[in-house]
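Here are some notes to read alongside the structure. Please keep the model open while you work through them.

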Amino acid sequence: MTPVEAAVSHTLIRLLDVADLRPETLDLDGDLFERYGLTSLNLVLLMTSLCDETNTELSRITDEDLARLRTPRDVAALIELAGRKTPAATEA
Amino acid sequence: MSGAPDIAAEAGPVEPEPVVACLANGRPSLTHSIAFHQPGGRLCLSLDELDRQARRVALHLTRLGVRPGDRIGILARNRLEWVLLDLAALKIKAVTAGFEAGKVETTPDLIDRYGLSLLFTDQQPGDRWRGDPRIQPITRLLADIEGIPDNPDLPPVTYDPDDVTTIKFTSGSTGQPKGLAARVGSIDGSLSAVQALFRHRPTDRLFVFLPLSLLQQRYWIYSALAFGHNVVVTTYEMAFHALRREEPTVVMGVPAFFEALRKDIESRMTGKGSGGSAQAARDRAALARTVLGSHIRYLWTGSAPASPGLLAFFESCGLPIFEGYGMNETCIVTKNTPAAHRTGSVGRPVPGKRVSLDKDGVIIVHSDQPVNSAYLFAAPGESERLFLPDGGVRTGDLGRIDADGYLYILGRVDDVVVLENGRNVLARPLEERLRTCPAVTDGVIVGAGCGALQAIVCASGGMADRGVIEQHIALMNRDAGRDERIGGLVIADEPFSIENGLLTSQYKPRRNAILARYGRAIAPTKGDES
C-alpha cells in the first residue's frame, strides 16, 4: 500500500464510520458508493481532507475527475496525479 | 380555517428598501469584498470592482442585442462570471433564468422552451449546439469584455415592485421543473426583512456554496452590495476546503451539509475521551471552530428539515444555528433569529409575511409582496393548486403554531402515509427516529398500500447492517402505536443521491421515486415475520 493509499484508507474509514472496517479489511478496489455507501458530500469531505493532508490544491481536481472515481484506489491515484500538478506540493 | 391563529411578524413592519434598484444603479462599497473559490483557484475583488465589471458585462450584453425584458439563461457552476451576468442583467432590466448545472443539458430546445435570447453555459459544446450564436461559453465572458472601457456609465433604470428580474425553477417531484417569475417587490421585501432581523454588518463575511441558480443564494450577494458586508462564493465541491480558509461569520447551508460536518467533527473526536465529559465538549467545540473557522457568528439552515440532534450538536459547540422556512413560491416565510429562537420550530414570520393553517392543518402564507400569483411555466392546473385567489400560497406543508407564534413543520401533505386500514400516519417523525440509527445514513417511511409501514434505508455498511437496523426498528416499534410500527425493511443498493434521482436538488428524499424503485423489494422485518 502506498502512503497515499494508506491516507485514503484511514480517512475513508473515519468518514464512513462502519463497524469493523479497518485498513487491512478495506478493499482498495471496492466500490465507494455501492459497497461502502459513500455519499456525494462525504466524497467532497474525503477529497478535501486528503488534499489538506497531502498539500494538494483541490481546485486542480475537476468535476469530471470526481465523477470518474469509483474505488479507493482511484482516489489515491487522483490525489497523486493532482499532487504532481500542484506547485506548492512540489516546492514542499 | 382551523382554530389556530394567524401569525404575523412580531418585529413589526419593515419598509422594504429598494435593493434591486440599488444593485442596478448604485455604486457599492470600496471596502468590502467578494471572494470566489472556483475551478482554477481563488480570486477576490472589491464590491466596487465587481460592480465595474458588471457594468462592462451589461454593455457587452447590450451589444449582443439584449434589450429590457429579454431573457438570458445561465447554466453554470458558481463562478465570478455567473454573478457578473446576473448583476449586468439587473442593470439593463434583462431577466435571468438560472439553470442548475449538472441537472440540465445545454440544448437549443432549452432556449426555445424558455424563450431565451442568449444562454451562457460552462458545458462543453455538443454536436447539437456547436456554432449556435445564441449559446455563449461563460468562460469566454471576461475575454469578451476586455475591449470595453472600465466603469462605463449606463443609463439609470427604474424598477416597479411588479417588475420581474429572474425566473426561479422549482424542482417538482416529477416531470419538468416549474418556472416562476420573481417580482422585484418580493426581492426587496425579503432582503429588507432579513437585514432587519439579522443586521448583517460591515465585519460580516457570508459563505455561499449552494447553486447560484437558486435566487435565495444570490440574495447574499445582493445583501453584500446593498448593505455593505463581505461574501464568499464557492462551489459545492470546494465548500469544505474554502470554509477553513475564509473564516466566514455566517454559513448558509442545507441540513445535509451541516450533518456531513457534524459527522466529520465527531469522527475526528474518536479517542479524545468520553462524548459526555466537559473536556470532550470543549474539544468538540474547538474542533468545530477549526473546521468552520473561528469567526462564526451563526449558521443559517433551511430548505429541508434539520434533525433535533443536528441542531443540538452545533448549539453545544457554541455555534448558533437558525432554522427557517420558505419555498420558492413564498420566499422566506419564518426564521429563528438571534432575538427570537425556539429550537425545533422554524421561527416566527419575518416582516411582511403572515402564516395561517387551513382546516387540514396545511400552512397558508400571505405576503405583503408576493413572489408572484401564478407560475410562468407549469402544467395546466399547477398554479391553481398552489396559488389561492386571495393571494395566499397553499404550501402543502403541515404545520403547528405554538402560543408564542412559532411555527413547527410536521411534514408534507404527501408525507402522510395512508395504510390499508385507511389510517393516516405522519412519516417524518418516524423517519427522524430511523435516522438516529448509527448504521442508517438516510431513509424514508412509505405505506405502499400495505397493512404496515415500510422503511427504505441507505446503510453505511450495506446489507451487513441489516441486523443493527432491524434491532433499531424493533426498539422503535416497541414504543410506537399500532399504526406507527414499521413492518418491512429494504436496504437500498446505493445511497439516495441527486444523481440517481432519489434526492431533490436540496437533498430531500423523493419518496415516490424511492418507492417506485424499491417498493417491490419490501420484506418484513424480523419481528413481524410471524
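This is a predicted model: local features need pLDDT of at least 70, side-chain atom pairs count only at pLDDT 80 or more; totals for chains, interfaces and linings use all residues.

1. Residues are numbered from 1 along each chain as its sequence is written, and chains are lettered from A and ligands numbered from 1 in the order in which they are written.

2. Chain A has 5 helices and 0 strands, where helices (H or I, at least four residues) and strands (E, at least two) are DSSP runs numbered from the N terminus. Read from the N terminus, its elements follow the order α-α-α-α-α.

3. Of the 92 residues in chain A, 39% count as buried, a term for residues that have 20 or more other C-beta atoms within 10 Å of their own, with C-beta atoms placed from the backbone. If we take the contacts in chain A between residues at least 6 apart in sequence, 65% join residues at least 24 apart; a contact here requires C-beta atoms, placed from the backbone, to lie within 7 Å.

4. Helix α1 (residues 3–16) and helix α2 (residues 40–54) of chain A pack with their axes 10 Å apart and at an angle of about 140°. That angle makes α1(A) oblique to α2(A), since angles under 35 degrees count as roughly parallel, over 145 as roughly antiparallel, 65 to 115 as roughly perpendicular and the rest as oblique. The residues making this contact include A:Val4, A:Ala7 and A:Leu15 of α1(A) and A:Leu45, A:Ser49 and A:Glu53 of α2(A).

5. Which element of chain B gives the most to the side that touches chain A? In this interface 25 residues of chain B are in contact with 23 residues of chain A, and α8 (239–246), α9 (255–268) and β24 (453–459) of chain B each supply at least two residues of the touching side of chain B. The element giving the most is α9(B), with 6 residues.

6. Helix α6 (residues 184–198) of chain B has 15 residues, which at 1.5 Å a residue should span 21 Å, and its end C-alpha atoms are 21 Å apart, which agrees; the expected span is 1.5 Å times one less than the number of residues. This helix, α6(B), is mostly covered, with 14 of its 15 residues buried, and after α6(B) comes B:Arg199, whose phi is positive, near 45°.

Conventions
A residue is buried if 20 or more other C-beta atoms lie within 10 Å of its own, exposed if 12 or fewer, and partly exposed in between; C-beta atoms are placed from the backbone. Two residues are in contact if their C-beta atoms, placed from the backbone, lie within 7 Å. Axes are lines fitted to C-alpha atoms, for helices over the stretch in contact, and angles run from 0 to 180 degrees between N-to-C directions.
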